[in-house]
Amino acid sequence: MLEGLLPEAVAVAELFGSVAGVELFEQEAEAVAGAAEQRRREFGSVRLCARRALARLGVEPRPLVPRGSGPEWARRAPRWPEGVVGSMTHCAGYHAAAVALAESVAALGVDGEPDEPLSDDVRRLITLPEERPVLQRLGAAHPGVHWDRLLFSAKESVYKAWFPLTGRWLDFDQCAITPDPDHGTFTAALKVPGPVVGGVRLDRFDGRWRAGHGLLVTAVVIPVPTSERGG
């Protein structure tokens, strides 16, 4: 799903399903010592993906411990090794991680979701008024994708790329997603001042998406400007 969706600078590893009994570092095991079996299995499986992706960058295995502070997503997000940026995601039947060297990628976010409709309450919560007619048109023209779930996933990927750059919460009504059904891309127009990367303030994020295997995946990559890269 994510393989081939991201630039060459980003290493990806995926699992369709989960793996029981993944060997964890002591610090990781402590982080989920009191968790339910399903949570421990998800935790281990997505870290297995992360270790495989890091190995593709030449980074040795090391503990990936949750941050433990900030909003809920930030508390669960791992502390990546120095010089690495990354993102993890998991849903029923799918685990994935994407990582890159910070010298070439400033931030990235990936998200996987079941290709299923949202409830009416959740749809109202996560959409802006200008997004709703777009979803209706997409649903009529391209009924093979649950566009409300895709929009939710895109906002999750945007937030995962946003937070490491800003340290601030980004609410669902603070960015507007416009999917492109023909090219597998989307734009996220920020409704609040965006992060500064390479001396330029970003007012939008660009992303990509893919549907298949009963899943939707989305990804956002914020590259380091060429002029800012070492060497």
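Where is the place of His213? In this predicted model, His213 sits in the loop that runs between β9 (204-212) and β10 (215-223).

The backbone of His213 has a phi near 55°, which is a positive value in a residue other than glycine. For context, most residues other than glycine have a negative phi. His213 is also exposed, its relative accessible area being 68%.

The structure contains zero disulfides. Cys49 takes part in none, and the cysteine sulfur nearest to its own, that of Cys91, lies 12 Å away. Because a disulfide requires two cysteine sulfur atoms within 2.5 Å, the 12 Å between the sulfur of Cys91 and that of Cys49, its closest cysteine sulfur, is too far for a bond.

Helix α5, spanning residues 131-141, has as its buried residues Glu131, Val134, Leu135 and Leu138. These cover an arc of only 100° around the axis, and therefore lie on the same side of α5. The pattern can be read against the geometry of an α-helix, which has 3.6 residues a turn, so that residues three or four places apart point the same way.

The buried residues of α5 pack against α4 (120-126), α6 (147-166) and β5 (175-180), whereas the face turned away from this buried side carries Gln136, Arg137 and Ala140, which are exposed.

Note on methods. Residues numbered from 1 in each chain as written. Predicted model: local features only at pLDDT ≥ 70, side-chain atom pairs only at ≥ 80, totals over all residues. Heavy atoms only, no water. Helix = DSSP H or I, 4+ residues; strand = E, 2+ residues; numbered from the N terminus. Buried < 20%, exposed > 50% of the residue type's maximum accessible area, 1.4 Å probe, protein only. Arc of directions from axis to C-beta. Contact = heavy atoms within 4.5 Å.
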